[in-house]
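Colleague: I'd like to learn how to read strands and helices in a model. Could we go through one together?

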Amino acid sequence: MKKEEIIQELHDVVLEGRLDESAPLAEKSIELGYDPLDTLQGITSALRIVGKQFNEGSIFLTELMYCGETAKDAMNVLTEEIKRQHKEVPYSGRVVIGSVEGDIHDIGKSLVIAMLSAESFEVFDLGIDVPDEVFVEKVREIKPDVLGMSALVTTTMMKFRDVIVALEEAGLRNKVKVIIGGALVDMNYAETSGADTFGSDAIDAVEKVKALLELG
Ligand code: B1M
């Protein structure tokens with residue numbers, strides 16, 4: 001299969017939630033030597049449509065979950081390959097990242113982690129639905145250069161501020177840079193939350209983290 005065909009096929013597989021086909025297709029793209037960052041496009045393009053369909057009410061939660069899981073299966077294969085291709089370079093910095101309490105979206109976060117790893121950051125993924133105190137505990141324990149938080153739902157986005165206040169109360173806020181992100185997050189939201197910056201997508205997230213650490 002040509003690269004374009006695999007990307008299109010992966011797009012269709014995610015869009016239709018064909019769960020058992022996505023990981024093998026991602027593996028095939030790697031066997032054929034295609035850049036995982038290119039193959040990823042098939043997933044993100046499909047999820048944009050899924051989001052629109054869910055928003056319009058033309059698909060419902062079960063389909064949304066199926067598409068999400070289908071995307072994640074392929075995403076896991078591709079992000080492992082991205083990490084494998086870049087692991088020999090010394091670390092550029094240490095990042096702790098998680099989806100805030102109450103939020104279980106992590107496809108975008110996985111992409112951000114993949115891109116940070118690809119740029120040789122040492123990334124500690126705290127997973128989803130992460131309580132405020134766990135973020136604080138891990139900043140104290142791991143001493144990262146950057147703390148990253150992801151939230152995609154209007155209600156959970158309010159948690160960014162809670163975590164930052166908890167960091168201030170623990171005397172840790174000035175020891176770590178904070179970047180936030182999620183489909184509805186912008187610089188204005190970052191400022192009101194007390195974060196240092198935000199990422200509009202995975203590529204932007206890496207650029208912003210490098211800028212925060214003056215890595216050029
Ligand atoms: Co949900 N969901 N979802 N969902 N879901 C959204 C977010 C929604 C916008 C859909 C819609 O209505 N249009 C909507 C939120 C509306 C709102 O609050 N404004 C929504 C809803 C309502 C819900 C539920 C409440 C549905 C329900 O139960 N009634 C529920 C909530 C669950 C919870 O979190 N408590 C829910 C559940 C789910 C699933 C779990 C089924 C599934 C997620 C599967 C998974 O992640 N493992 C899911 C999905 C797939 C979506 C959509 C369709 C796609 C999200 C996605 O993965 N996009 C989404 C629609 C949409 O966003 N338009 C939707 C692809 C991904 C690559 O983009 O996540 O934006 P994104 O990440 C980008 C950037 O945001 C940025 O870079 C990423 C990569 O480019 N970024 C960062 C993200 N995090 C960052 C962190 C950074 C920097 C940049 O620094 C740390």
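This is a predicted model: local features need pLDDT of at least 70, side-chain atom pairs count only at pLDDT 80 or more; totals for chains, interfaces and linings use all residues.

Colleague: Why is strand 3 largely enclosed by the rest of the structure?

Modeller: Buried here means under 20% relative accessible area. Five of the five residues of strand 3 (residues 146-150) are buried, so the strand is largely enclosed by the rest of the structure.

Colleague: Which strands pair with strand 3, and in what sense?

Modeller: Strand 1 (residues 93-99) pairs with strand 3 in the parallel sense, over five bridges. In that pairing, Leu 147 is the bridge partner of Val 96. Strand 4 (residues 177-181) also pairs with strand 3 in the parallel sense, over five bridges, and there Ile 180 is the bridge partner of Met 149.

Colleague: Now a helix, please. Which residues of helix 2 are buried, and which are exposed?

Modeller: The general idea first: an α-helix has 3.6 residues a turn, so residues three or four places apart point the same way. In helix 2 (residues 19-31), Ser 22, Ala 23, Leu 25, Ala 26 and Ser 29 are buried. Their arc around the axis is only 160 degrees, which puts them on the same side of helix 2. Asp 20 and Glu 31, on the other side, are exposed.

Colleague: What covers the buried residues of helix 2?

Modeller: The cover includes helix 1 (3-15), helix 3 (36-56) and helix 4 (61-86).

Conventions. Residues are numbered from 1 along each chain as its sequence is written. Side-chain values use heavy atoms; hydrogens and water are left out. Buried means under 20% relative accessible area, exposed over 50%, partly exposed in between (1.4 Å probe, protein chains only). Helices (H or I, at least four residues) and strands (E, at least two) are DSSP runs, numbered from the N terminus. Two strands pair if DSSP finds at least two bridges between them. The arc is that of the directions from the helix axis to the C-beta atoms. Contact means heavy atoms within 4.5 Å.
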